[in-house]
Amino acid sequence: ITGQNIDIAWLGSTTWTIVVVAAIHGWKWMGLSMLIFLAGLKTIDSDVIEAAAIDGANRRQTFWRIKFPLLAPAFTFNVATSLLGSMNGFDIVQATTQGGPGSTTEIINLFIWRTFGQGLYSQSTTMSLVLFIMVMIIAVPLIWYLRRREDPMTSATYGAAPKTNDSVMVNKPSKVHGIIHGILVVIVMAVLLGIPFWLLVVTAGKTQAEAIVPNMSLPSKWHLLENFKTVLVDGKMISAFFGSIVVTVPSVFLALLFGSMASWILARRTTKTLAVVYALGISGLILPPAVVTVMMLLKIIGLSGTAVGMVGVYIGIYMSTVIFFVTGFIRTIPISLEEAARVDGAKPMRIFFTIILPLLGPTLATATILVTLYIWNDVFYSLFILSGKMDLLPLNLYNVASAGLYLNNWHLIFAYIILMSAP
């Protein structure tokens, strides 16, 4: 804007590095939050929106008085997962700064990882316990407060008595407002999503000399296919792809199946015993990664470094995410549907698979994407549990980038990321 070049070492400045890392974390969770809010919007009964329009509500009133209260479960999930995910983060800091410069981005998970790598297992376990206590102090009151907001907000929206008007007028949205809204959405998406993806693609199409300092300029000559070929061969992507498939598919399927069944029971029964069970069920969101304990357990039962052991770990970790995510949406399903089915003689399993599961379609679709992305892109757990005995796409990317094969070869790293993200 001023006509002057601005040269800031974004990842080498003690002032700006922590800001950049925080911005990367925010960008990481933005897309997942959008998916979850979209799933919440799809579960809102269209009759409620139509009734609000008949009563003369405009778009702003419909959103704040109807949609926003009914998005309480999605809001709870987004706040909890983004906060806890950032507190338990490891991969972004390790990949960008490794705790530097001058320990300005040092986080406790990174310190635990380094301590574990030195063979100090008891110390790293103690640090995990300290992290657990810190996360519990923040997470438990927050989740308790957000969960308390859900039922009153939902009941207030559905239970509000409709207005009775002598003359009914439907408040139709203005076409001009709709066009302006659409343009603003496109601009925001272009800035937040389009620019990073553009940088990814153009850098992957450059030579090493052109990509040494990543920028948004086009390559002098496209080498995208050549870079793809290089990473497919040197990065062992074929075997890593099938390894990721073997681990991801059963993990996602079983976590969604068991998690949604447990969510149905936990959402419908409000006894103190099941409240404790629910707290245990979502503890995977709060607990820090106890990799030392998990590794010892897998070695004892003979599943260390195997796909079966990795699948079991992922199911145990991400079933908590499914329970926490799905339970809130099941509470928005009218219980009268289940009561009618019981009157007709339907058993619990039939009620779940013929009534509850179909109504959870948008929610489970979002949960599938969510859990798949978690597992497909995971480095932390696979790095410790597999210990190099099995190839996975993100693990291979981390290994080759750290080993120096792709050191400063940003064009190959970005090409690897594109191919890894394509499935």
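# Salt bridges, cores and selected helices in a predicted model

A search of the whole structure finds two salt bridges, a salt bridge being a side-chain nitrogen of Lys or Arg within 4 Å of a carboxyl oxygen of Asp or Glu. This is a predicted model, in which local features need pLDDT of at least 70 and side-chain atom pairs count only at pLDDT 80 or more, while totals for chains, interfaces and linings use all residues. Residues are numbered from 1 along each chain as its sequence is written, and side-chain values use heavy atoms, with hydrogens and water left out.

**The salt-bridge network**

- Side chains of opposite charge can pair when their charged atoms come close.
- Arg 268 pairs with Glu 338 in a salt bridge whose closest N and O atoms are 2.7 Å apart.
- This pair links distant parts of the chain, 70 residues apart, with Arg 268 in helix 11 (residues 237-268) and Glu 338 in helix 16 (residues 336-343); helices here are DSSP runs (H or I, at least four residues), numbered from the N terminus.
- Glu 338 also meets the side chain of Arg 342 in a salt bridge, at 3.8 Å from N to O, and these two residues are separated by about one helical turn because they stand four residues apart in helix 16.
- Through shared partners, the salt bridges join Arg 268, Glu 338 and Arg 342 into one network.

**Nonpolar cores**

- The largest nonpolar core has 69 residues, of which Val 247, Met 310, Tyr 318, Ile 356, Leu 360 and Tyr 381 touch the most other members; such a core is a set of buried Ala, Val, Leu, Ile, Met, Phe, Trp, Tyr and Cys residues joined through side-chain atoms within 4.5 Å.
- Helix 15 (residues 307-330) gives the most to this core, contributing 13 residues.
- A second, separate core of 16 residues includes Met 237, Ala 240, Leu 393 and Leu 397.
- Ile 356, when its neighbours within four places in sequence are left aside, is in contact with Trp 264, Ile 330, Glu 338 and Ile 351, where contact means heavy atoms within 4.5 Å.

**Asn 78 in helix 4**

- Asn 78 has its place in helix 4 (residues 72-87) and is buried, with a relative accessible area of 6%.
- The side chain of Asn 78 reaches the backbone oxygen of Ser 33 at 3.5 Å.
- Apart from neighbours within four places in sequence, Asn 78 is in contact with Leu 32, Ser 33, Ile 36 and Phe 37.

**Arg 114 in helix 6**

- Arg 114 lies in helix 6 (residues 108-117) and counts as partly exposed at 30% relative accessibility.
- Leaving aside neighbours within four places in sequence, Arg 114 is in contact with Gln 98, Gly 99 and Glu 106.
- Ser 124 is ten residues from Arg 114 along the chain, and their C-alpha atoms are separated by 8.6 Å.

**Helix 2 and the residue after it**

- In helix 2 (residues 46-54), the buried residues are Val 48, Ala 52 and Ala 53.
- Seen down the axis of helix 2, these buried residues fall within an arc of 140°, so they line one face of the helix; the arc is that of the directions from the helix axis to the C-beta atoms.
- Gly 56 follows helix 2 and has a positive phi, near 95°.

Note on methods: Buried < 20%, exposed > 50% of the residue type's maximum accessible area, 1.4 Å probe, protein only. Polar contact = N/O pair within 3.5 Å; in protein donor to acceptor, adjacent residues only side chain to side chain.
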